[in-house]
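Student: I would like to learn how to read helix packing. Could we take one feature at a time?

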Amino acid sequence: MLAPQTQLRHKRLLSIAFPLIVANITTPLLGLVDTAILGRMGGLHYLAGAAVGSLIITQLYWVCGFLKMSITGLSAQADPTRAQSKVNVVVQGVLASILLAIVILLLNPLILKAGLWFVGEQGLTNQSTVDYFETRIWGAPAALTNLVLIGWLVGQQLTRSVLIIQVFTNIINIIASLVFVYFFDWGVTGVAAGTLVAEYASVVMCFSLVVKALSGQAYDLNLPNLASLLRLASLNANIFIRNLALQFTLAFVTLIGVGYGTEAAAMNAILMQFFSLIALGLDGIANAVESLVGRAKGQKDFVSLKKEVNTGLIWSSIIALLYTTVFYVFGDEILRLLSNNEDLFILFEDYHVLVLLLPLVSHWCFLFDGVYVGLTAGKTMRNTMLISTLCVFLPTYYLNNSSGNMALWLALLAFLASRGVLLWGDYYLNTRRYPHTRLFGQP
């Protein structure tokens, strides 16, 4: 029987993680609706063009995810008894998001040109891509501000608010897209405009929930000082480099996989869907750990920090085992939901063991990413990612490239394992050195 305090710790983590897991699950539903709308517009170039435009925007915002990660950690570390410290984090983050959005808007022609260059000349598809991108890009200020505000809410353990925002945004997006496409006949631009409206509606909702969380507390809206801005810039720069390295590895698998033929490219797309399913659960636990570890660091409570990490590791392991069990029992059924191609079913047999290993290997890096986001230890996140990319991922692939497409996935598995081991190793070494640990130091 678990001690009451231990039970409370488990319940607290799950109460934070569960709304985030549900919010993660709702996200793909929006993509399904957009696909259904575009798929009924009478030409495949509409669907293909919007998919490319959306991919460019998504990758851009994903790289900018450092805003959410840094603000989550800083929000969690803010003194819960002082509203001013929490407000300062919001102001810093929003200011950074607006400045970055201005840069993106100024560079948007170059961003679009680069995206189209990767795709190549596709005629009508390219025109649909341009129509989608040139509408959607104006949502950059809202999208980046949303990253900051959602990160702040997660840091404050207000994950039910995040779920409300996600559901609200999806509903607005679906309604607006349907109106713009079928009532105003805007085509691809209408789908992009629907997302644009939803992004700005989400900002309003996010701000209202942040204000509600701070209601009844005294604070001033002051511009951040230079020291705090430099700290945020340093943290964001490190996580930005970390995100670029991660994005490089995923893009490497996709692009190099295309060179192995259509069948390999299709199998890689399927395997990435399995990886996305894994992320739905493991990200929720990692995000919960971010807020709990950040709170422990803010209070300089080293004992609680270790207990929160151990609790997170238990649940991360449980979810990983559940994923592996489900993939073992229902792997073929999941594959049939994703494809009806018999050749892929045969090819999948070669990758089945790899799919079973993915959750067991990757949950370590998901969990400890959450730990280090909560600690705002950007340098460690950057260094371990670069080492895993340059010294593990690439060498593993090139040493095994005679195995063809399988070499890519062996490299990715080694990359995920390396990240987990390096982050855990850094955590272990530093917790052994308490009270001289770097875990409570600057980013």
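Tutor: Start with a contact, meaning heavy atoms within 4.5 Å. In helix α6, P141, A142, A143, T145, N146, L149, I150, W152 and L153 meet E199, Y200, S202, V203, C206, F207, L209, V210 and A213 of helix α8. This is a predicted model, where local features need pLDDT of at least 70, side-chain atom pairs count only at pLDDT 80 or more, and totals for chains, interfaces and linings use all residues. Residues are numbered from 1 along each chain as its sequence is written, and side-chain values use heavy atoms, with hydrogens and water left out.

Student: How many nonpolar, polar and charged residues has the contact of α6 with α8?

Tutor: Ala, Val, Leu, Ile, Met, Phe, Trp, Tyr, Cys and Pro count as nonpolar, Asp, Glu, Lys and Arg as charged, and the others, Gly among them, as polar. The contact of α6 with α8 has 14 nonpolar, three polar and one charged residues.

Student: At what angle do the axes of α6 and α8 cross?

Tutor: Axes are lines fitted to C-alpha atoms, for helices over the stretch in contact, and angles run from 0 to 180 degrees between N-to-C directions. Helices (H or I, at least four residues) are DSSP runs, numbered from the N terminus. The axes of α6 (residues 140-155) and α8 (residues 188-213) cross at roughly 30 degrees and come within 9 Å. That makes α6 roughly parallel to α8; angles under 35 degrees count as roughly parallel, over 145 as roughly antiparallel, 65 to 115 as roughly perpendicular and the rest as oblique.

Student: Is the crossing of α6 and α8 left-handed or right-handed?

Tutor: A crossing is left-handed if the near helix is turned anticlockwise from the far one by less than a right angle, and right-handed if clockwise. The crossing of α6 and α8 is left-handed, whereas that of α10 and α12 is right-handed.

Student: At what angle do α3 and α10 pack?

Tutor: Helix α3 (residues 66-77) packs against helix α10 (residues 262-298) at about 45 degrees, with axes 6 Å apart. α3 is therefore oblique to α10. α3 passes α10 in a right-handed crossing. The residues of this contact divide into one nonpolar, six polar and four charged.

Student: Where does α11 bend?

Tutor: The bend at a residue is the angle between axes fitted to the seven residues ending there and the seven starting there. α11 bends by about 75 degrees at F330.

Technical notes: Helices (H or I, at least four residues) and strands (E, at least two) are DSSP runs, numbered from the N terminus.
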